[in-house]
Amino acid sequence: MPRDDRTPEFAGSVDQPGSTPERLRRQIEFVIEVDQLKNVFRRSPLLAADRRENDAEHSWHLALMALVLAEYADEPVDPFKVLAMVVLHDLVEIYAGDTFLYDAAAAAGQQDRERAAADKLFAILPDDQRDRFRAVWDEFEERVSAEARFAKAMDRLQPLLLNYGNRGGTWRTPGVTEADVLARKSVIGESSAELWAYAETLIRTGAEHGWVPRS
């Protein structure tokens with residue numbers, strides 16, 4: 001199988017037929033490489049099983065939420081573009097790892113780690129897709145569009161639902177308080193006033209039940 005500097009070690013270990021066109025080979029290598037997302041585990045506990053959620057499950061859940069809840073965006077959004085963002089945005093964690101939302105020390109280097117990972121990962125693709133996917137990823141990170149703000153809102157709402165359903169979940173991490181959760185989740189309000197009002201109610205109800213400490 002032909003190789004170059006963009007051939008990933010994981011996907012490169014899966015032989016492609018010698019007759020595979022170069023463009024298709026690179027696209028398939030990308031698809032194989034991102035299978036690793038299933039082995040990146042987050043802190044959030046699942047509702048339906050006694051284990052933590054992995055990144056692929058998180059991305060699927062965001063995509064479904066985006067389709068179901070798009071009507072609550074304060075600005076009109078292109079659902080397909082939102083879907084692209086929520087499916088692509090966590091892929092960099094294959095190389096950069098998941099950064100826990102309430103870990104300030106880890107967050108200090110998160111942007112640099114994830115940008116380097118994006119450079120490496122999207123370079124596997126043909127150049128036109130590399131540039132297009134990277135632009136979508138950057139748009140999400142910078143929250144410069146209605147779609148990016150709504151995608152970020154879904155990204156913050158989904159684990160909140162898991163934590164509430166688990167009567168605390170990661171909210172019970174030492175040092176995390178109701179004020180921390182409210183501050184970290186407030187970006188939901190940048191896209192949807194109604195979903196933010198709902199999220200605030202869940203957080204404050206959790207605090208009332210002792211699932212997250214009061215400030």
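**View 1. P45 stands opposite R52 in β2.** The model is predicted: local features need pLDDT of at least 70 and side-chain atom pairs count only at pLDDT 80 or more, while totals for chains, interfaces and linings use all residues. Residues are numbered from 1 along each chain as its sequence is written, and side-chain values use heavy atoms, with hydrogens and water left out. Strand β1 (residues 41–45) pairs with strand β2 (residues 52–54) in the antiparallel sense, over two bridges. Strands (E, at least two residues) and helices (H or I, at least four) are DSSP runs, numbered from the N terminus; two strands pair if DSSP finds at least two bridges between them.

**View 2. A salt bridge joins the side chains of D55 and R42.** The N to O distance is 3.7 Å. D55 belongs to helix α3 and R42 to strand β1, so the pair, 13 residues apart, links distant parts of the chain. The structure has 20 salt bridges, each defined as a side-chain nitrogen of Lys or Arg within 4 Å of a carboxyl oxygen of Asp or Glu.

**View 3. W60, L64, L67 and V68 make a nonpolar surface patch of about 420 Å².** V68 is part of helix α3 (residues 55–69). Patches are made of residues with over 30% relative accessible area and no salt bridge, with nonpolar side chains (Val, Leu, Ile, Met, Phe, Trp, Tyr) joined within 5 Å and like charges within 9 Å. Accessible areas come from the Shrake-Rupley method with a 1.4 Å probe, and for residues only the protein chains shown count as cover.

**View 4. The largest pocket holds about 650 Å³ of space.** Its lining has 29 residues, with T99, L101, Q110, D155 and R156 nearest the centre. Two or more lining residues come from each of β1, α7 (110–122), α8 (127–142), α9 (146–165) and α10 (178–185). The largest share, five residues, is from α9. By class, 13 are charged, eight polar and eight nonpolar; Ala, Val, Leu, Ile, Met, Phe, Trp, Tyr, Cys and Pro count as nonpolar, Asp, Glu, Lys and Arg as charged, and the others, Gly among them, as polar. On a 1 Å grid over the protein atoms alone, a pocket is an open set of points where a 1.4 Å probe fits, with protein on both sides within 12 Å along at least five of seven lines; lining residues have an atom within 4 Å of a point. Points are joined across faces, edges and corners, and a volume is the space filled by probe spheres set on them.

**View 5. The second largest pocket has a volume of about 280 Å³.** Of its 16 lining residues, V34, L37, V87, L88 and L91 lie nearest the centre.
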